[in-house]
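Please have the sequence and the model at hand while reading.

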Amino acid sequence: MEKIRSQYEKEKIMTLFKQMALAFSIMIITILGSVMAINYKAAKKDMVESLYQTTVNNISTLSDKIAQTGGEPVLVTSVIDSEFDSGYYRYIKFTSNDASFTYKQEDTDPIVGVPLWFVDFANIKLKAVHSDVTSGWDIIGQIVVKADPTIVYKALYQTFTKLLYLFVIFVILSLILLSIMLHFILKPLGRIQHQAESILNNEFVIESKEPYTTEFREVAHAMNAMVKKVEEIFNKANEAAQRNRELLYNDPITKLFNRRYLMLKLPELIQAETKSEGGSIILIALNGADLLNKQLGRKEADSFFYDLAQIFLKRCSEIEEKIIARVNGTEFTLMLSDCELSEAETITHNIFQHFNQLAQNYKIDTQTTYLDVGIYRYHSNITVSTLLTRADNALTKAKADEHKNLYVYEDDTQNALPKEEWRSILENAIEQEEFNLKFWTTVDTQTKEIAHKVMTFAINNKQNQNFFYGDFIAPAINLGLVGKIYLVALKKLFTEKHPELNGSICSVRLSNEFLKDSQVLEELAKLLNLYGKKRNFKLYFEISDSFAIQNSATLKAFVLLFKKYDLNFGINSFTGESPDFHYLKDLNPKFIKADVSFLLDQTKESMNSLEVITKSLGIELIASFVKNETELNALQKFHIYKVQGPITDKI
């Protein structure tokens, strides 16, 4: 209803071009129409008067002829018939002086050669001409004559058609010239409108070409000043956010993340959707670090640590979801999602190799300064405390081993379903459409109303097997079935009735693997073409922050598709990992969802900067995984009122 109302209001409002075109068109048509009407009336008046004068002249001749008959009825009749047959008269009547003889000729046939509508429109009324017929001093009788207006109708009709043709031609030419003139005059206004629309889309466009019209030039200057001010506000907030992020979450020497950020990000990375159902965590300890400052000096030692950090970054560059952090002066953590044990070991051996080269460059003795490494292969159902305990245990054993600097800890995974069994379950679920859609709510704590509903889905097959999303997504990624699963789930969203969604907003979180599938964009476009416009609810899609940062080109293709079908999208799992927030301006998401622990970990200055950035871009900020009233109250101090998580049941 809101969309329909908005469209209706838009249709009721005329553009300035239409208003001016309509006003000038009415004026031109009125002027030309008035000129045509005046010319037509003048021509009609002249023709009628001319015909009347001709009739007056002719009646004298006719009177003389009748007078010569001496009033003899037979001769009078003959003269009148002869004159009437000439076709110049519509009506002739003779009455003798003593009223003993009357003779009349009248043509009652319709006017020929002129359309009937024009006869009715012209409606020529000719006056009858009266004259006495005299013979000597005696009055024989009286004659009444009306001229035939046919010739006037024909001439007037020709004049009317010529005037009409000229009117149409002049109107068309005038309107064409008017359109060209208005387009030229109002062209700057179109640029100003484009500039305003760009601001709404978070595009800060400066109009360099100044309009010729004084009023438009002033408007253009005001718009440019406003754009510069908004952009300046955004850039200052962006710079402040970068500084605050570096102070909060970055090690000042290595520029890696610190322990604080690692602890915030770990829960999300553990639950990340990966084909290997988890990943690997590598703990690295630098032994003999206390000797570096003495041997190299503080400045050179800092440079060594920075180069060591670059080794970690380069060796892990192919891992998409990762955190590389310096947790204290001598220990580093490499949290690598979707990284199998064999890949983690390869990365570790490369790190050893490049460390030895680095030590050689700095002339450091690797007998006294060396690396100890512990690797733990984790799975997605593990807790953060267990993860860190086992990883630390692996590092401790590596430090205790005198013969090697590497220890590997791997969980037993015998309880996992075989790959082919998962294939059978997932392919049957796709074919039989055995996915059940479920929705959880995002609540506005100010209005106590549901802001939108987030869709998820599970498998409930005919064998009474129930699998939650987190159970089957990793095998689905491994088998390359994520795209098909999502398309089936979205089809069920469009084709089945969901009373809880009527008139509301439904948000669908899209997997990174779904977005990476090269065939998905085309298939999604087909699905939206069939069902996308028949829905009775608004549809948003959620994209992970890491995907938005690393795959902006791919995401923009999806964003264009969303706009085509009047869909919106938002960013979830936001943790401010990007060096700056210009990607938010480029993508223009509707909302950002961030974990409550991340939001509450920010300083007041960081939250102020984030609030300025989101408000300047028109982005809503939503807190996820909110569990209790304490967190809710803390969020409200930061002006965050939309939340999702266990707390929504209480609200």
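On the other side of H9, which residues are exposed? They are Lys299 and Lys314. The model discussed here is predicted.

**Helices H9 and H10**

The buried residues of H9 are Ala301, Phe304, Phe305, Leu308, Ala309, Ile311 and Phe312. They cover an arc of only 150° around the axis, which places them on the same side of H9. Among the elements covering these buried residues are E6, helix H8 (290-296), E7, E8 and H10.

In H10, the buried residues are Leu341, Ala344, Ile347, Thr348, Ile351, Phe352, Phe355, Leu358 and Ala359. These too are put on the same side of their helix, H10, because their arc around the axis is only 150°. Ser342, Gln353, Gln360 and Asn361 are exposed on the other side of H10. The buried residues of H10 pack against strand E6 (278-287), helix H9 (298-315), strand E8 (331-337), strand E9 (370-379) and strand E10 (406-410). After H10 comes Lys363, which has a positive phi near 60°.

| Helix | Residues | Span, end C-alpha atoms | Expected span |
|---|---|---|---|
| H9 | 18 residues | 26 Å | 26 Å |

**The six-stranded sheet**

An open sheet of six strands is arranged in the order E5-E7-E8-E6-E9-E10, and its pairing is mixed. Its edge strands are strand E5 (257-258) and E10, each of which pairs on one side only. E5 runs parallel to strand E7 (residues 322-326), and two bridges join them. Phe257 has Ala325 in E7 as its bridge partner. H10 lies across E6, E8, E9 and E10, and runs at about 165° to E9.

**Strand E11 and its partners**

E11 pairs with strand E12 (residues 449-460) in the antiparallel sense over ten bridges. Here Asp444 stands opposite Glu449 in E12. The two strands, E11 and E12, form a hairpin with four residues between them, and Lys448 in the turn has a positive phi of about 60°. E11 also pairs with strand E19 (residues 642-644), in the antiparallel sense and over three bridges.

Thr442 is part of strand E11 (residues 435-444) and stands opposite Gln644 in E19. Is Thr442 buried or exposed? Its relative accessibility is 0%, so Thr442 counts as buried. Neighbours within four places in sequence aside, the residues in contact with Thr442 are Glu449, Ile450, Ala451, His452, Val454, Lys593, Ile622, Val643 and Gln644.

**Helices H16 and H18**

Helix H16 (residues 520-531) packs with helix H18 (residues 552-564) at an angle of about 5°, and their axes are 11 Å apart. H16 and H18 are therefore roughly parallel to each other, since angles under 35 degrees count as such. Which residues meet in this pair? Val520, Leu521, Leu524, Ala525 and Leu528 in H16 meet Ala557, Phe558, Leu561 and Phe562 in H18.

Notes. Residues are numbered from 1 along each chain as its sequence is written. This is a predicted model: local features need pLDDT of at least 70, side-chain atom pairs count only at pLDDT 80 or more; totals for chains, interfaces and linings use all residues. Side-chain values use heavy atoms; hydrogens and water are left out. Buried means under 20% relative accessible area, exposed over 50%, partly exposed in between (1.4 Å probe, protein chains only). The arc is that of the directions from the helix axis to the C-beta atoms. Contact means heavy atoms within 4.5 Å. Two strands pair if DSSP finds at least two bridges between them. Axes are lines fitted to C-alpha atoms, for helices over the stretch in contact, and angles run from 0 to 180 degrees between N-to-C directions. Angles under 35 degrees count as roughly parallel, over 145 as roughly antiparallel, 65 to 115 as roughly perpendicular and the rest as oblique. The expected span of a helix is 1.5 Å times one less than its number of residues.
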